[in-house]
Amino acid sequence: MKKYYEYLVIGAGPAGLQLGYFLERNKRDYCIVESGPSVGTFFKRFPRHRTLISANKVYTGYDDKIRNLRWDWNSLIDYDHDVLFKEYSKEYFPPADVMTDYLSDFAKVNKLNIEFNCKVTSVSKDGLFTVELDGAKEVTCKVLVVATGVSKPYVPNIPGIELAELYTEMSVDPNDFVDKKVLIVGKGNSAFETADNLISTASRIYVCSPTPITLSWKSKFVGHLRAINNNFIDTYQLKLQNVMLDANLTKIEKSGDALKTTFHYVHADDEIEEMEFDKVLLCTGFQLDKSIFQQSARPDLRLNNRFPALKNNFESKNVDDMYFAGTLMQERDYRKKQSGFIHGFRHNIESLSNFLEKKYHGVSWPSLAVKKSAEDIAKLVLERSNMSPGLWQQTGFLCDVIAKKNDSESFEYFVDVPTNLVEEEFSEFEFYHIVTLEFGLDIIYASPDPLAVDRIHKDDVDGAHLSTGIHPIIRTFLRGNLVSEHHVLEDIIPEWTEDDVHFNPLVQYLNQKFDHKVVENNDAESIVAS
């Protein structure tokens, strides 16, 4: 291990390996340091019940491995090899142990530079970052990327909370809860995964948090409660001794052999109630372990101090040249998109790699040159809409940028750019379009039943903006101002391949925007009016 690296990555989980892949591919001076003896050590313990809820859809009907990443939530991006998660398990929800096998082979095949058994004890900064490791080792770097995940349990500030058992330490053997009254604090997937595990043995199970549950099939966010973990809801609604409470847990006290808990209800006319339980289990999620950061390199935190505060390029808001990769990227789209999960953050990390190449090495953001032809642009937009896993997974959060240089008759087509980064990174372009895939969430959320939302007719081109299913949206900007947008009509498959309802209306829209009289008019308000 050298004394200095241009890039140092902390953590050899999926995020660290994904960034390592791009650093290796770009021939950069880097090292990944991992506290454990192997890659992906998180998955050797978590999830506690040893089943992943990330979809492993092996058979899609398509042969293209990049397109198939739309339905493969576990594989990392690898343009050079065919190391895919589906070769390690065919199960739709596979065992967690398979993940470590896959990640190990990914690292070996790509010859990533990893130093194991290197626990970071301190991070400081004085120009360069100084990273101290176990055994009095020390290494410096210009750019530090933290890819540790959220490794520390989040413990709410409740009197008596020390009497509860942490998700990380509690027993997962249902026989340890026979005929017990159990309170589970939290309403995320770990809470309901735990509740489902205890249904057959516990006498009563109460699940508590201040807010009602949100179902992922309703919100379109995979971090909300997934169907695989919602058996417990049946037992509550069908009066099988289990309960879901919308309440603040305000206190836990010892009461003989039991634990007396005090609740302040949210939806019961300000009621306060006390109940006793045999066990209180804390399933309230995780947070960044900030203990390694000294004052000179301590990132600001957000969201109850659980996640680092980030700029649009995933850099710390207050520590220059410190970036975050993986689930730590989710402060930018918390509980809205998929940055907290492999199938989302792998695409964020590719975008981060492109940004690092541009900022530190002067390498232009990768792009394709496209002739100034509405037909050519429309063809590429629909091809990307039909193929791109990044646009598909990170709806609205990542975009493609079609930019026209002021002195050029052609466009440049940039892919998978963080949407919020476009204005600052592409300010040299006076005129550009951005392309996203998005749901009609406003319409879906306004419906009383998300499974019975009215859909527009498949030929209703004029009503395309009322599409509720995922569909491409093209927005046109002049000097940073949004001047118009076009929705490509939704498709039930979804694929956008039909000339009459997909291609031709898009060509017509783009032709309007290519009109020199419009494009060369610098008055954005006039363009809106036109």
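1. Start with a pairing inside the sheet. Lys181 has Arg204 as its bridge partner in β10. The chain passes from β9 through helix α3 (residues 189-198) to β10, a right-handed β-α-β crossover. Right-handed here means that, with the strands pointing away from the viewer, the path from the first strand over the helix to the second runs clockwise. Helices (H or I, at least four residues) and strands (E, at least two) are DSSP runs, numbered from the N terminus.

2. A word on the model. It is predicted: local features need pLDDT of at least 70, side-chain atom pairs count only at pLDDT 80 or more, and totals for chains, interfaces and linings use all residues. Residues are numbered from 1 along each chain as its sequence is written, and side-chain values use heavy atoms, with hydrogens and water left out.

3. Now the neighbours of β10. Strand β9 (residues 181-185) pairs with β10 in the parallel sense, over 5 bridges. Val182 stands opposite Ile205 in β10. Strand β11 (residues 243-255) also runs parallel to β10, joined by 4 bridges. There, Ser209 faces Asp246 of β11. Two strands count as paired if DSSP finds at least two bridges between them.

4. How enclosed is strand β10? Of its 6 residues (204-209), 5 are buried, so the rest of the structure largely encloses this strand. Buried means under 20% relative accessible area, exposed over 50%, and partly exposed in between (1.4 Å probe, protein chains only).

5. The whole sheet is open and has 7 strands, in the order β8-β14-β9-β10-β11-β12-β13, with mixed pairing. Its edges are β8 (165-166) and β13 (272-277), each of which pairs on one side only.

6. Next, the cores. A nonpolar core is a set of buried Ala, Val, Leu, Ile, Met, Phe, Trp, Tyr and Cys residues joined through side-chain atoms within 4.5 Å. The largest has 105 residues; Leu8, Leu17, Val123, Leu144, Ile184, Met322 and Val401 touch the most other members. Helix α6 gives this core its largest share, 7 residues. Another core, of 25 residues, lies apart from it and includes Ala378, Leu380, Ile474 and Leu510.

7. Leu144 deserves a look. Not counting residues up to four places away in sequence, Leu144 touches Leu8, Ile10, Val123, Phe129, Val131, Asp321, Met322 and Tyr323. Contact means heavy atoms within 4.5 Å.

8. Helix α6 (residues 342-361) has 20 residues. From first C-alpha to last it reaches 27 Å, close to the 28 Å expected at 1.5 Å a residue. The expected span is 1.5 Å times one less than the number of residues. The helix is mostly covered, with 17 of its 20 residues buried. Gly362 follows, with a positive phi near 70°.

9. Asn74 sits in the loop between β2 (30-33) and α2 (97-109). Is Asn74 buried or exposed? Its relative accessible area is 0%, so Asn74 is buried. Its side chain makes a polar contact of 2.5 Å with that of Ser54. Such a contact is a pair of N or O atoms within 3.5 Å; within protein, one must be able to donate a hydrogen and the other to accept it, and residues adjacent in sequence count only if both atoms are side-chain atoms. Beyond four places in sequence, the contacts of Asn74 include Leu52, Phe85, Met99, Ile342 and Arg346.

10. Val120 belongs to strand β4 (residues 120-126). With a relative accessible area of 10%, Val120 is buried. Leaving aside neighbours within four places in sequence, Val120 contacts Ile10, Val33, Val131, Glu132, Leu133 and Ile292.

11. Two cis peptide bonds to check. One runs from Phe46 to Pro47, with omega near -5°. Pro47 is in the loop between β2 and α2. Another joins Ile493 and Pro494, with omega about 0°. Pro494 lies in the loop between β24 (481-487) and α11 (499-514).

12. Phe314, not a glycine, has phi of about 75°. Phe314 lies in the loop between β17 (307-308) and β18 (322-324), and counts as buried at 1% relative accessibility. Arg479, also not a glycine, has phi of about 50°. Arg479 is in the loop between β23 (471-478) and β24. At 52% relative accessibility, Arg479 counts as exposed.
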